Amino acid sequence: MKKLISILLVLALVFSMAACGKKEDPKPAEDPKPAEEPEETEEPEETEEPAEPVTEATVTIWHTYTDAQLEYLEKAVAAFNEANPGMTVVAESQPYDGFTDKVYQAVMAGNGPDIIIHYASEAAKYLEDGKLLDMEKYLAPETVAKMNAGTKAEATSFADGKLHILPIVSSGPIFFYNKAIYDELGLKAPETWAELAENCAKIKEAYPDKFGFAFDSEVDGAATLIMQTGNKMFDAENIYFNTPEVAEQMKYYQDNIAAGYFTNAKVGNYFSEDFNAETLVSYIGSAAGVPYLNIEFGMGKVPQGGAVEWTPAWNRGIIIFNYDDEARAKVAGAFTDFFAEAEMNAGWCVACNYPALFEDTMATDTYKAFAASNESFTHLHPEYAGAFPAVTTQAFARTALGTLMSQVAGGADINQALEEAVKYIEDELAAQ
């Protein structure tokens, strides 16, 4: 369509220029107008403005995708390039190990990728150096408008308040349980933390050699316990989670570890492996992990029980780096618009096995069929899901929260562990 419009504009320009060339012959010299009357002049004919020049530039996407995701990304890039002459996108596969470090070094050196697909926390690393594009200036208004309030809040939670990521897929944790054991013991998926502890006590009594529960990510487990108190974790300037309410949640975790109901010690790389081996009866892990489970299982939502409802949201999106090159920025923005379009985004959700974030994506037949076959998505609750603020503090907070949970599980003094977590973050921020 863009190409057709450009052709029509060029033709209109040619015809208007031709019209300008066909002026009336001047009147004969022997029939001049009276001297006292000013000679009439012809009004210049209006011509159409020339078509805006096509933006020409090449941008690169660095990624670590394989299999279905790689295949889909390459098809999307090819389709964009074909539909947009002069604009070229190149997808370059990179090794998974050390990917983010390689990107950081290359971007800082000025020879990195234009686009990566990652988390807002990764984008935050580049803000102070001015290496992030203000994406709202380069995206179509309808693309920006796709984001719901929660998604937009995360995408603009950077210290400068600008849009530096467009989340395009989401995931989050849900509760997985061994259906055979739960059925045998007459248990149901717990809706509260108290119910989870009660279930684990019954499991330990019936199966002394099994653990009842684990967080696949202790960091997200800590965030869940903290945020459900109604407490704020941190922002760009302060840390807020050292409170009596949070200490009480940590005590809950410590007591259940000590009783042998919970565990934080993996046998494999993920607790899904322990779950498959049936040494672990339940865990909270990614909804996208369903394909990796090979025993009969049931699912439920993340237990609640604090002052507010809260569960983590893991939104991955397009990040565009700033190289002070207007043409590259425009092409990167155009590709982002293209990749976020409903049908295109639906295909990406299928390839990634991730839930959609955009309502127009959810309305497509492609996504409806996909979501209908993924029961795990029904246990996610985007109405109260949240994400860490995309500020520098986050990187240090994740480390501190992971250490906090490990110390609490090991029997450390909870108040002291909380104080040490806060001090670690403050010291790291001061060193920046």
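The model is predicted, so local features require pLDDT of at least 70 and side-chain atom pairs pLDDT 80 or more, while totals for chains, interfaces and linings use all residues. Residues are numbered from 1 along each chain as its sequence is written, and side-chain values use heavy atoms, with hydrogens and water left out.

**The sheet**

Begin with the open sheet, in which four strands follow the order β6-β7-β5-β8 with mixed pairing. Helices (H or I, at least four residues) and strands (E, at least two) are DSSP runs numbered from the N terminus; two strands pair if DSSP finds at least two bridges between them. Select β6 (214–215) and β8 (297–300): each stands at an edge with a single partner strand, so one side of each lacks a neighbour in the sheet. Next select β5 (residues 173–178) and β7 (residues 282–286), which run antiparallel and are joined by five bridges. Phe-176 can be found opposite Tyr-283 in β7.

**Helix α17**

Select Ile-414, Ala-417, Leu-418, Ala-421, Val-422 and Ile-425, the buried residues of α17. They cover an arc of only 135° around the axis, which puts them on the same side of α17; the arc is that of the directions from the helix axis to the C-beta atoms. Buried means under 20% relative accessible area, exposed over 50%, and partly exposed in between (1.4 Å probe, protein chains only). Ala-430 and Ala-431, on the other side of α17, are exposed. Show α10 (244–258) and α16 (393–409), which are among the elements covering the buried residues (contact: heavy atoms within 4.5 Å).

**Salt bridges**

The whole structure holds ten salt bridges, each a side-chain nitrogen of Lys or Arg within 4 Å of a carboxyl oxygen of Asp or Glu. Asp-427 is partly exposed at 41% relative accessibility, and Lys-423 is partly exposed at 49%.

Finally, select Arg-328 and Asp-114, which form a salt bridge with closest N and O atoms 2.9 Å apart. Arg-328 lies in α12 (residues 326–340) and Asp-114 in the loop between α3 (99–109) and β3 (115–119), so the pair ties together parts 214 residues apart in sequence. Asp-114 is buried, with a relative accessible area of 3%.
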